[in-house]
Amino acid sequence: MKRNLFFPFQLILIVFSILFTKESLSQNTVNTPYSSHGIGTTNDVDNAIFSGMGNSNISYFDSTVLNYFNPASYSSLSKGQPLLSTGVSSRISTFSENGVNYTSSNAVLSHFALGFSVAERFGIAFGFRPYSRRGYEFSSNQTISADTIKNTYTGSGSTNEAFLGLSSRIFTFNNTNVSLGVNLGYVFGSLRNTRTSQLNDLVSGGVDHKNIDLKGFNYELGLSVNHKFNERNSLTFSGAWTPSHKFSAERSTNLFFAADVLDESTYFRLDSTGNIEGTINSQSKITGGLNYRFSFKDVGKKSKVRNSEISIHLNYKYTTWDDYKETFGGIESETNLFNTYKIAFGIQYTPETAFLSSATNGTILEKIRYRAGFYNYTLPVQQSLNTINDYGVNIGFGIPIQVQKSMSSINISLGYGQRNNGVSTDFKESYTSINFSLIMAPGNFEKWFVKRKYN
């Protein structure tokens with residue numbers, strides 16, 4: 001007799017699918033003036049697993065982790081062990097300029113994805129993730145004769161990506177494996193820039209709204225070459241390439257007089273451009289990474305021998321913002337964005353790699369994955385003609401959830417970083433990041449795609 005069982009894992013998947021809607025992704029979830037350029041900040045939403053290692057994400061391949069940053073990784077997933085992955089990325093920032101400080105915080109759902117092996121050499125994944133975010137507010141005063149005009153600039157909105165990925169291990173020879181992968185994505189969302197002008201601190205004034213609606217397809221390619229020197233040593237080279245894509249866009253500008261600039265019900269429209277169709281060419285990027293793994297026998301408490309491992313990661317990413325263009329009504333806008341690079345280094349120590357086969361042995365501290373890393377990268381905008389650098393350090397922990405020997409885990413990372421142009425009196429940002437992710441997998445006796453027979 002054959003039976004199909006409806007497992008709690010599948011019930012959780014359905015619940016999360018209902019909760020994860022477009023509205024949950026389109027909240028204003030960033031607060032930094034650096035998001036006022038282009039379509040906002042991109043690729044800055046941390047996954048707790050990789051951010052614990054300085055965001056060394058392109059080179060991390062593991063059957064217990066769903067790495068959607070490199071689609072070539074899907075072929076390394078275990079057969080019958082699908083992974084449901086989600087998480088939250090948060091940041092507390094302190095902005096400083098000329099002795100004036102301001103603190104803000106934000107949080108965003110970092111991703112929601114499901115991945116699984118569909119055959120011996122193939123893996124597939126799909127899900128949602130933020131693509132870009134905009135959120136800022138700053139003011140400036142302009143004096144004309146005896147009057148002072150206060151201009152306040154604000155931005156909000158986000159774009160998001162629904163993606164489907166496929167990976168295949170296309171080549172295996174002796175101790176070398178080569179995998180290729182592709183993510184196909186659909187990007188959508190809305191962004192807004194607003195300027196309010198008030199005279200002599202009056203509540204009334206003028207309001208200028210500029211909206212952009214964006215949608216279109218994109219793709220990214222991934223590569224992995226792994227060579228195992230012996231039972232203890234292996235080296236993996238990984239790469240990913242995302243070309244520039246042309247998205248369809250609509251831009252509208254509306255000018256209002258407001259009896260109260262904080263109350264949209266008092267707005268009276270003075271002028272409107274209507275919807276102007278156009279295109280936005282995205283930036284292209286290429287990323288490369290190395291991962292060296294060293295396995296060794298370690299002696300823990302009571303002379304117990306553990307299967308330990310150290311994994312070292314080095315990543316480099318180059319983004320070509322020269323490719324970024326905005327064209328509306330046949331007129332191309334000047335963007336003034338600069339090409340950027342990112343260097344990330346991370347290390348992971350696992351006291352016991354065979355924690356699934358020895359679930360009842362050892363302490364929880366022996367089964368946690370300990371992570372640390374640092375990063376340094378540049379932003380596509382300049383300040384006082386100087387490059388803005390973003391650099392910081394991270395630590396992280398991967399805690400297995402040992403229920404029926406499943407691959408489920410809770411991952412936490414903490415980080416501290418700064419953004420500045422090297423001039424002490426100029427605007428700068430100091431931030432603390434706290435990231436959380438959850439990976440859920442069925443138990444060892446609840447594997448997917450397995451037919452069971454009962455007598």
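User: Which residues are linked with Arg 129 in a network of salt bridges?

Analyst: Side chains of opposite charge can pair when their charged atoms come close. A salt bridge here is a side-chain nitrogen of Lys or Arg within 4 Å of a carboxyl oxygen of Asp or Glu. In this structure, Arg 129, Glu 161 and Glu 220 are linked in such a network. The model is a predicted one, in which local features need pLDDT of at least 70 and side-chain atom pairs count only at pLDDT 80 or more, while totals for chains, interfaces and linings use all residues. Residues are numbered from 1 along each chain as its sequence is written, and side-chain values use heavy atoms, with hydrogens and water left out.

User: How many salt bridges does the structure hold, and which parts does the pair Glu 161 and Arg 129 tie together?

Analyst: There are nine salt bridges. In the one between Glu 161 and Arg 129, the closest N and O atoms are 3.1 Å apart. Because Glu 161 lies in strand β6 (residues 147–173) and Arg 129 in strand β4 (residues 122–133), the pair ties together parts 32 residues apart in sequence. Strands (E, at least two residues) are DSSP runs, numbered from the N terminus.

User: Are Glu 161 and Arg 129 buried or exposed?

Analyst: Buried means under 20% relative accessible area, exposed over 50%, and partly exposed in between, with a 1.4 Å probe and protein chains only. Glu 161 is buried at 6% relative accessibility, and Arg 129 is buried at 10%.

User: Where do Arg 306 and Glu 366 lie?

Analyst: Arg 306 forms a salt bridge with Glu 366, the closest N and O atoms being 3.2 Å apart. Arg 306 lies in strand β14 and Glu 366 in the loop between β17 and β18 (369–383), so this pair ties together parts 60 residues apart in sequence. Arg 306 is buried at 12% relative accessibility, and Glu 366 is buried at 9%.

User: What is the volume of the largest pocket, and which residues lie nearest its centre?

Analyst: Rolling a probe the size of a water molecule over the atoms shows where empty space is left. On a 1 Å grid over the protein atoms alone, a pocket is an open set of points where a 1.4 Å probe fits, with protein on both sides within 12 Å along at least five of seven lines; lining residues have an atom within 4 Å of a point. The largest pocket has a volume of about 1200 Å³, a volume being the space filled by probe spheres set on the points. Of its 43 lining residues, Phe 61, Lys 228, Ser 234, Arg 293 and Glu 309 lie nearest the centre. The largest share of the lining, six residues, comes from β13.

Notes
Helices (H or I, at least four residues) and strands (E, at least two) are DSSP runs, numbered from the N terminus.
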